[in-house]
Structure formats: C-alpha cells, structure tokens
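Please keep the sequence and the three-dimensional view at hand while reading.

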Amino acid sequence: MSADPSSRRSATSAVEVRRSARRRRTVSAYREGDRTIVLIPARMSEAEEQRWVTVMLDKLAAQESKRLLGDDALTERAERLSAQYFDGRARPLTVRWVTNQNTRWGSCTPAEGSIRLSHRLQGMPEYVIDYVLVHELAHLLVPGHGPDFWRLLEAYPRTERARGYLEGVVAAERLPQLPDVDEE
C-alpha cells in the first residue's frame, strides 16, 4: 500500500484508487499498463469507493470487450495471465478462438499445450474472458477439476463473479423465446 493516503491499491487486483480534493462529483477510470486507475472525489466514503471501483471496472471491461481480440492478442493475454497468476508456469503452445464449441466456454489439451475458447465469449466482459483463460491455463498445470485445480483458480479474484455471469448467460439461453409482437 502506498504511503500517500490519496492513492490506494487493492491487495487482490491491480486497481489503484486516487482521491482528489479538487474532484467534486465525477468518477473516471483508465488503464495504465497492467493496472487500472480509478479517480474519485476525496470526500467519498469507503463504501462509495468500493461501489464506484466495481462500476468503473465493469465499464472499462465493456468498452474493451467491444474490441474483439484476434488469436495473437488472445495468446498474449494468456501469457500475461499466466505470469500474473501462475508465475508463468502455464505455457500454452497455442491459444485460439474456435466456432465448434457450443456447449463449452473453453477447452484445453495439456498434452498438446493447446487452449481453445468458444467464439461465444467474444463481446463478453474482459474479466469473463480472463476467467475462462485462467481456467484453461490452470488445466496445463492440473488436468482435472480436483481440489488442487480449484486452489489454483483462487488466485484469480473475479472467479465467482465470472462464473455467475456465465451461469446467467446459460440460464438466459434456456428461457423460452417469446414471439415478436407487432405494435400498431
């Protein structure tokens, strides 16, 4: 944690909150390298700070997800996540989008070092794509879904949130489709 009280960094993610006495009502956020900087008014309470950090992380993720990643960018992202959460130990040989996975979000073949993500993830928030990548990277280290595997995933701070998002997508897909109604 920084000695400067106007600058805080979360212990679980690369988020730095900067408070400003001149800032009265607005909150903004931007990426700076591998960190997210959130700018807030100095008078804001801790609870408001936490709420705004979440709101701003979601806004940035939504903006970033609109820029679709190609396979090369996906590979770079996997390498960054491996370094961040697994000390670089998970080393995929290939990471790519595929269009033939309609019931899985991702898959990994540890013997080949290959990771494949469903194209259905494209456009989802960045933290969701990162979760699926971290999940598949973990399979390069632990093939099954046993306790050791889930312990590895504890390193990713948005695991539960991403899982909830994906469960919501699956649930929404199962809802009955209502016929279009023409209003006259």
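A residue is called buried when its relative accessible area is under 20%, exposed when that area is over 50%, and partly exposed in between, with a 1.4 Å probe and protein chains only. The model is predicted: local features need pLDDT of at least 70, side-chain atom pairs count only at pLDDT 80 or more, and totals for chains, interfaces and linings use all residues. Residues are numbered from 1 along each chain as its sequence is written, and side-chain values use heavy atoms, with hydrogens and water left out.

The protein chain contains five helices and seven strands; here helices (H or I, at least four residues) and strands (E, at least two) are DSSP runs numbered from the N terminus. Along the sequence these elements follow the pattern β-β-β-β-α-α-β-β-β-α-α-α. Of the 184 residues in the protein chain, 40% are buried. The accessible surface comes to about 11,400 Å², and carbon and sulfur atoms hold 50% of this surface; such areas come from the Shrake-Rupley method with a 1.4 Å probe, and for residues only the protein chains shown count as cover. Contact means heavy atoms within 4.5 Å. Among the contacts with a separation of 6 or more, 44% join residues 24 or more positions apart.

The axes of helix H2 (residues 71–86) and helix H3 (residues 126–141) come within 9 Å and cross at roughly 70°. These axes are lines fitted to C-alpha atoms, for helices over the stretch in contact, and angles run from 0 to 180 degrees between N-to-C directions. Angles under 35 degrees count as roughly parallel, over 145 as roughly antiparallel, 65 to 115 as roughly perpendicular and the rest as oblique. H2 and H3 are therefore roughly perpendicular to each other. On the H2 side, the residues in contact are Leu74, Arg77, Ala78, Arg80, Leu81, Ser82, Tyr85 and Phe86. H3 contributes Glu126, Ile129, Asp130, Leu133, Val134, Leu137, Ala138 and Leu141. Sorted by class, this contact has eleven nonpolar, one polar and four charged residues; Ala, Val, Leu, Ile, Met, Phe, Trp, Tyr, Cys and Pro count as nonpolar, Asp, Glu, Lys and Arg as charged, and the others, Gly among them, as polar.

Alanine 73 also belongs to helix H2, and its relative accessibility of 29% makes it partly exposed. Its C-alpha atom is separated by 9.3 Å from that of valine 95, 22 residues apart along the chain. In the loop between H2 and strand S5 (94–98) stands aspartate 87, which is exposed, with a relative accessible area of 69%. Most residues other than glycine have a negative phi.

H3 takes part in a second pairing, with helix H5 (residues 159–174): the two axes come within 9 Å and cross at roughly 105°. H3 and H5 are therefore roughly perpendicular to each other. Here Tyr127, Val128, Tyr131 and Val132 in H3 meet Thr159, Arg161, Ala162, Arg163, Tyr165 and Leu166 in H5. This contact has seven nonpolar, one polar and two charged residues.

Not counting residues up to four places away in sequence, alanine 162 touches Tyr127, Val128 and Tyr131. The C-alpha atoms of alanine 162 and valine 128 are separated by 4.8 Å, although the two lie 34 residues apart along the chain.
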